Amino acid sequence: MGDKPIWEQIGSSFVQHYYQLFDNNRCHLGAIYIDSSCLTWEGQQFHGKEAIVEKITMLPFQKIQHSITSQDHQPTTDGCILSMVVGQLKADDDQIMGFHQVFLLKNISDAWVCTNDMFRLALHNFG
Amino acid sequence: MFDGDYDYLIKFLALGDSGVGKTSYLYQYTDGKFNSKFITTVGIDFREKRVVYRSNGPDGATGRGQRIHLQLWDTAGQERFRSLTTAFFRDAMGFLLLFDLTNEQSFLNVRNWISQLQIHAYCENPDIVLCGNKSDLEDQRVVKEEEAKQLAEKYGIAYYETSAVDGTNVSKAVETLLDLIMKRMERPFASADQNATGTSRRSVTQGRSGGPRPLGRRRVKS
């Protein structure tokens, strides 16, 4: 871990934290967003911490489990971190589906927050 | 998998709440088996079957058989993440609407599924067959046959009690739906055409823009 670039370390810790919260207590995800954060969830836009948490909390399943297949992180020229996650998820007893998620992380007063978040299921022959 | 020789390609969608047995139902229909641990291949979630359709003319004579390539589509559960949109219903010509006879809520949600269909399908009165699934679990049944029949009657659709486990009525329901679709396609002039309840039915080709064209490619002329 020590010899990994810092953005890799921050990005992967964020990813681990995010999905752990999502799978166990997704109503607490508000802690990682700020009032100017944007979420695009399956093409639908949400702006601000409150709207984002409401959307995620209201998703109609009881249990969800994410499994990360791969994650990539990059430093941006303005000091942020861009992360892309590819994985699979299982909601309640439904079949397993693939998904992609992209995060932009920004350091604001010594804390990393998520300013941008985009989520898509990886389904191809469905509308 | 199949050669390209068929008269019509017909796409059906299986709808209904999560857990009512849509995947097992389709598996039973296409493969004649019940598989409680159906493993899906993400991205190609439909099953296919070839059938021959013979229409019964008014004189009772059967016409030449039409070779039908049936595609049966299932949802992958994406309705939990987003609402199903017009794109999902695109090109579907008939709908198998399933509920679970042992789950009251799945029966109550049939009304919501029908409203969704009325909004998103190719026309306001698409062809639907209602299936009360899991009829093999008679001791756990909570939805009475009479209640389900009344609901189906209210919407003017056919109702079957089915079992993906033992196969009861599984083919029967699909055949009924196919029959409705083929009859709809045989009616080219919607405006002059009235169904039994007096509502005008749009023909397949005159549905809303982008509505199902019979995906038939008459590759082989007879």
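Reply: The charged end of B:K11 lies over the ring of B:W73, at 4.3 Å from the ring centre. A charge sits over a ring if NZ of Lys or CZ of Arg is within 6 Å of the ring centre and within 35 degrees of the ring normal. B:K49 has its charged end over the ring of B:Y29, 4.6 Å from the centre.

This is a predicted model, in which local features need pLDDT of at least 70 and side-chain atom pairs count only at pLDDT 80 or more, while totals for chains, interfaces and linings use all residues. Residues are numbered from 1 along each chain as its sequence is written, chains are lettered from A in the order in which they are written, and side-chain values use heavy atoms, with hydrogens and water left out.

Next come the ring pairs. Over all chains there are 16 aromatic pairs. Rings of Phe, Tyr and Trp (its six-membered ring) pair if their centres lie within 6.5 Å; planes under 30 degrees apart count as stacked, over 60 as edge-to-face and the rest as tilted. The centres of the A:Y19 and A:F99 rings are 5.8 Å apart and their planes stand at 55 degrees, so this pair is tilted. A:Y19 counts as buried at 5% relative accessibility, and A:F99 is buried at 0%. Buried means under 20% relative accessible area, exposed over 50% and partly exposed in between (1.4 Å probe, protein chains only).

In chain B, the rings of B:F99 and B:F107 have centres 4.9 Å apart and planes at 55 degrees, so they are tilted.
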